Amino acid sequence: MVIKKKQTEEEKLETMRHSASHVMAEAVQSIFPDAKFGIGPAIEDGFYYDFDLPRPLNPDDLPLIENKMKEIIASNLPFTRKDVTKEKARKLFANQPYKLELIDELPDEKVSIYQQGSFLDLCRGPHVNSTGEIKAFKLLNIAGAYWRGDEHRPMLQRIYGVAFETQEALDKHLKRLEEAARRDHRKLGKELDLFSIQDEFGPGLVLWHPKGAIIRRAIEDFWKDEHVKRGYELVYTPHIARMDLWRISGHLEFYQEYLYSPMDIEEQKYILKPMNCLGHILIYKTRIRSYRELPIRYAELGTVYRYERSGVLHGLSRVRGFTQDDAHIFCRFDQLETEIVGVLNLALFMIDTFGFGNYQMLLSTRPEKYAGTIEIWDEATGILRQALEHTGLPYDIDPGQGVFYGPKIDIKFESALGKAWQGPTIQVDFNLPPRFDVTYMGEDGQEHPVVMVHRTVLGSMERFLATLLEHYGGAFPVWLAPVQVKVIPVADRHLEYAHKIEVELKKGGIRAEVDDRSERINLKIRQAQLEKIPYMLVVGDKEVETGTISIRLRSGKQIADRSLAGFKETIKTAISNKVKDIEDTLS
Ligand SMILES: [Zn+2]
Ligand SMILES: [Zn+2]
C-alpha cells in the first residue's frame, strides 16, 4: 500500500507540473502514434518531456498539442498506478527503446507504471489524482536535447511548458518571461554590439567588441583601484602551467572533468589553468614570509579555462574561457576575522556601486567529506559567522554546503528581473596550504601553516557583464555606458558646432560621438535611443546662435538652454561618483 504524505504547497505544484508532462506526452502520442518517449520531469516553474518523433516539431505544433492537452484535462482521467515485474514492464514498453533502457537500470525487481487515458508511462510518481487537477499551463518552446545529456546518444526533441495554480499566476509568469526575453543578455549584447560568440572561433569563447571592451575596462579600472586602495597587490600569471602542479593541488584528481587535454612542451605536459590559485601560491613562496608581513593579498583579473559540455554553454553566463576577478589572502589565523570582514565590506560596496539592491548572504558549513580537522573547521566557521555578524546584516546558514576544503560565504544578488545571481564567494582553504607547504615564520621562530582565503567579488567579467546587461536592460549608468553623449546636429550646417562640442567633451574624458549622417533628426534620435545612450545633445540653429546645448535623456526628458561647460561638469561628477540613475544627474 502506498501511504500518501501530506505535500507542501511547493511539492503539490511540482506534482501538478510533472503530471502535466504525462498529459503532454499523451497529447503528443495522439498526434504522433509512433512517438518514442524519453523522460518528463517537473522543473522550476514547469515541466518538459523528451520525444523521438518522425519529424521535427515547429512552433505551430504547440497550440495543437495544447488543445489536445486541454481535452485530456477536461475529461478528468484518473492517474492509476500499477507495480509490475521488470519482465512485464519490458513487454508493455516493447516498442519504447528509451523506456527499456531505463527499466534495465532500475535496481528493484518491481517497477511502477502509471496510466492516464491511453497513455502508459514508466514512472515513480507521484501524480495528481486525475488530469482535471492540472490547472493553468502553457507550452513555451521546443529544444533539442541529447538522450541522457550525452552528445553521443540520439538528439531528442524537448517541449518545455509551464504550469501554475491559477491563470493569474501563469499570466504573471509569462509577463516576467517576456521581460526576461527582452533583457536577455545574448540579445542585448548583439543589439548593442558588445560581444560575440562565434562557432567559427569556438563555442563558449567570447570575443569582446570595442563597446563591450569599454564597459569591461571601466569595471576593471574600478576593480583594480578599489583593491589597491584596500591593501591588495596586483599580480599577473600565465594561462598555462605544468600539469604536475595540478597533481599536487589535487585538481587532476577532483576536478579532472573540467580540465582540457594537456599539451606537450619539450616533453613536459602543460595544461590551461582552470584556476589562478597556484600562481599566487608560488609567488608567495618565493621567499620566507615573516608573521609581520601578513596578511598578503594578491589580486588578479586572471583568465581561466574550464571544459564545459556544449549542451550547458549559455551566452556569457556559461563559457569555456573567462576572466575571474580573483584574489587570495594569506594570513594568520588570528587575522582571519578582520580579513573576512574586509572582503565582505568590499563585496557589499561593489554590489551597491553596481546598483544591485537585494542580496542574500549564506554561510556554508562542513560537508560530509572534508579536508582538515573538525576543530579547525569549527574554529574557521565560527570566525566566518562572527565576520557576518560584524556587518550587522542578516544571513542564512546552508548546512553541509561548504566545499570539501573549507567553509565559505556566498552572496547571491537579485537582478531587476528577480533572478538570483551568484555574486561574491569567500572560501577558506585547508587543502592547498599543506599540499604546497605554504607557511610563515612566526614570532616564535617556528614555521606555521598559513590560512588561505580564495575570494571573488564579481565572479567573472563575462558572467558579470551578463548580469549587468540584464539588470539594466542595456541602459547602463553613465560611468559604464560605452557612448556617454551623442551629439545630434539637426542639419548639415550644424555639423561644425556639433564637432566642437564633441572635442570639448572628449577633452574632459567623456565618451562623446557625433551622428554626422545626413539622416532625419527623428531617425537619429531613435537610433541613439536604441543604443541606450544616456545623453543626447540635439543642436540646431538656436543652439548654434546662443552657444548653448539642449539635452535629451533616454527617458525622453528634455532640458534646454544649458551651457556646455555646466553640462560637462555635471556629467564628469556623475561619472566619478558612479551615479546609477542618469535622471539624478540633471534637474
Ligand atoms: Zn510521472
Ligand atoms: Zn583560488
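The model is predicted. One zinc ion (ligand 1) has His 18, His 22, Cys 123 and His 127 as its protein donors, while the other (ligand 2) is coordinated by Cys 277, His 328 and His 454.

**Zinc ion (ligand 1)**
- The donor atoms are NE2 of His 18, His 22 and His 127, together with SG of Cys 123, and they lie 1.9 to 2.1 Å from the ion.
- The arrangement is tetrahedral because the 4 donor atoms subtend angles of 91 to 129° around the ion.
- Along the sequence, the spacing of the donor residues is H-x3-H-x100-C-x3-H.
- His 18 belongs to helix H1 and His 127 to the loop between strand E6 (119-122) and strand E7 (136-146), so this pair ties together parts 109 residues apart in sequence.

- His 328 in strand E16 (residues 321-331) and His 454 in strand E23 (residues 451-460) link distant parts of the chain, 126 residues apart.

**Salt bridges**
- The whole structure contains 42 salt bridges.
- One salt bridge joins the side chains of Asp 121 and Lys 99, with an N to O distance of 2.7 Å.
- Asp 121 is in strand E6 and Lys 99 in helix H4 (residues 97-105), so the pair ties together parts that are 22 residues apart in sequence.

**Surface charge**
- Glu 10, Glu 11, Glu 14 and Glu 44 form a patch of negative charge on the surface.
- Of this group, Glu 10 lies in helix H1 (residues 9-31).

Definitions and conventions:
Residues are numbered from 1 along each chain as its sequence is written. Chains are lettered from A and ligands numbered from 1 in the order in which they are written. This is a predicted model: local features need pLDDT of at least 70, side-chain atom pairs count only at pLDDT 80 or more; totals for chains, interfaces and linings use all residues. Side-chain values use heavy atoms; hydrogens and water are left out. Patches are made of residues with over 30% relative accessible area and no salt bridge: like charges are joined within 9 Å, nonpolar side chains (Val, Leu, Ile, Met, Phe, Trp, Tyr) within 5 Å. Accessible areas come from the Shrake-Rupley method with a 1.4 Å probe; for residues, only the protein chains shown count as cover. A salt bridge is a side-chain nitrogen of Lys or Arg within 4 Å of a carboxyl oxygen of Asp or Glu. Lys and Arg count as positive and Asp and Glu as negative; His and the chain ends are not counted. The place of a charge is taken as NZ of Lys, CZ of Arg, CG of Asp or CD of Glu. Helices (H or I, at least four residues) and strands (E, at least two) are DSSP runs, numbered from the N terminus. Donors are N, O and S atoms within 2.8 Å of the metal (3.2 Å for Na, K and Ca); water is not among the atoms, so sites may look incomplete. Four donors count as tetrahedral if all angles lie between 85 and 135 degrees; four count as square planar and six as octahedral if opposite donors are over 155 degrees apart and all others between 65 and 115; anything else is irregular.
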